[in-house]
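I am opening my notebook on a structure that is new to me. I want to look up its aromatic pairs first, then one annotated span.

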Amino acid sequence: MRIAWIGLGNMGSPMSANLAAAGHEVVGFDVSEAAMSAAAERGVARTASVADAVRDADIIFTMLPNGKLVLDVADGPEGVLANAGKDAIFIDSSTIDVETTTRLSDLSKDRGLRFVDAPVSGGVPGAVAGSLTFMIGGAEEDIASIRPIIEVLAGRIFHIGPVGQGQAAKIVNNTIAGMNLAAMCEGAVLAERLGINAKTFHDLATVSTGDSWALRMTYPIAGVVEGAAVNNDFKPGFAASLMAKDVGLGVTAASAVGLDVPLAEVALAQLNELLTRGMGHLDCSALVKVVEGSIDAESA
């Protein structure tokens with residue numbers, strides 16, 4: 001099986017490497033030379049362009065930061081759609097809006113390609129471990145044909161519905177995650193200022209009703225959770241800019257269906273504060289800087 005992978009960043013690099021390790025021929029492209037070199041060390045063959053990557057590929061993955069980039073990579077004379085074989089399946093695992101996903105599906109159909117949206121949850125640890133949760137939108141027969149490939153990357157696979165439903169589910173999931181993150185950061189700072197030992201509070205909260213993925217994996221007080229970004233100068237596992245993008249997609253989607261989401265709007269405003277202060281490249285758990293007020297001193 002020849003697989004093309006476009007986007008070899010924090011998620012795309014380990015995911016493509018896992019496919020190569022499983023015995024598939026994986027060719028990759030990224031605008032970053034450093035990303036391509038890192039992927040090559042993990043068994044992913046380098047290519048000079050998107051067109052070269054997708055030519056003769058059976059399956060094409062894109063894993064990119066936003067919908068505009070996916071459209072740019074897909075369309076045009078040097079893009080995915082103009083250079084892929086007619087029997088290829090185009091899988092977008094980025095997190096983007098449903099409207100752009102529908103547009104990609106329509107463009108793919110016009111070129112005779114099959115299209116599936118397959119965003120993921122689980123972050124970099126899940127990508128490395130091959131334990132991601134996949135939320136897939138597409139035709140049943142197309143999903144059946146790619147399932148053996150997805151199983152290499154996934155711990156759980158959910159077929160949500162037709163094209164676009166995978167992205168819809170991911171947008172809702174990450175909007176909830178963003179609200180949980182904001183609440184967890186506020187709770188962590190509150191517990192600290194009330195004099196509660198941070199490790200003790202974390203241990204009790206993880207087995208109580210305040211538990212969440214954010215609390216267990218990204219607790220923003222140093223020395224509490226091994227591997228948390230706070231212990232490494234907030235080096236990103238999932239960047240604040242990406243979390244803000246995803247929560248923003250949720251707020252926009254809610255507006256489109258006439259739903260007020262004030263909690264999501266507050267979380268988005270706090271995340272955008274990080275971006276405004278030039279901290280969007282940090283891990284999303286750096287949101288604690290907004291809560292505790294240290295952001296003013298650091299951005300001064």
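**Aromatic pairs.** I searched the whole structure and found two aromatic pairs. I keep in mind that the model is predicted.

I took W5 and F61 to start. Their ring centres lie 4.4 Å apart and their planes meet at 15 degrees, so I note this pair as stacked. The pair joins distant parts of the chain, 56 residues apart. W5 sits in strand β1 (residues 2-6), and F61 sits in strand β4 (residues 59-62).

Next I looked up F90 and F115. Here the ring centres are 5.2 Å apart and the planes stand at 85 degrees, so I write edge-to-face. F90 belongs to strand β5 (residues 89-92) and F115 to strand β6 (residues 114-117), so this pair ties together parts 25 residues apart in sequence. I find both F90 and F115 buried.

**The annotated span.** I turned to the UniProt record. Its unreviewed entry lists residues 164-290 as "domain: 3-hydroxyisobutyrate dehydrogenase-like NAD-binding". I checked the make-up of residues 164-290: 61% helix and 0% strand.

I located T175 in helix α9 (residues 165-193). T175 has a relative accessible area of 10%; the cut-off for buried is under 20%, so T175 is buried. What does the side chain of T175 reach? I found the backbone oxygen of I171, at 2.7 Å. Setting aside neighbours within four places in sequence, I list D246, V247, G250 and A264 as contacts of T175.

Technical notes. Residues numbered from 1 in each chain as written. Predicted model: local features only at pLDDT ≥ 70, side-chain atom pairs only at ≥ 80, totals over all residues. Heavy atoms only, no water. UniProt positions renumbered as here; feature names shortened; annotations may be inferred. Helix = DSSP H or I, 4+ residues; strand = E, 2+ residues; numbered from the N terminus. Buried < 20%, exposed > 50% of the residue type's maximum accessible area, 1.4 Å probe, protein only. Polar contact = N/O pair within 3.5 Å; in protein donor to acceptor, adjacent residues only side chain to side chain. Contact = heavy atoms within 4.5 Å. Phe/Tyr/Trp six-rings, centres within 6.5 Å; stacked < 30°, edge-to-face > 60°.
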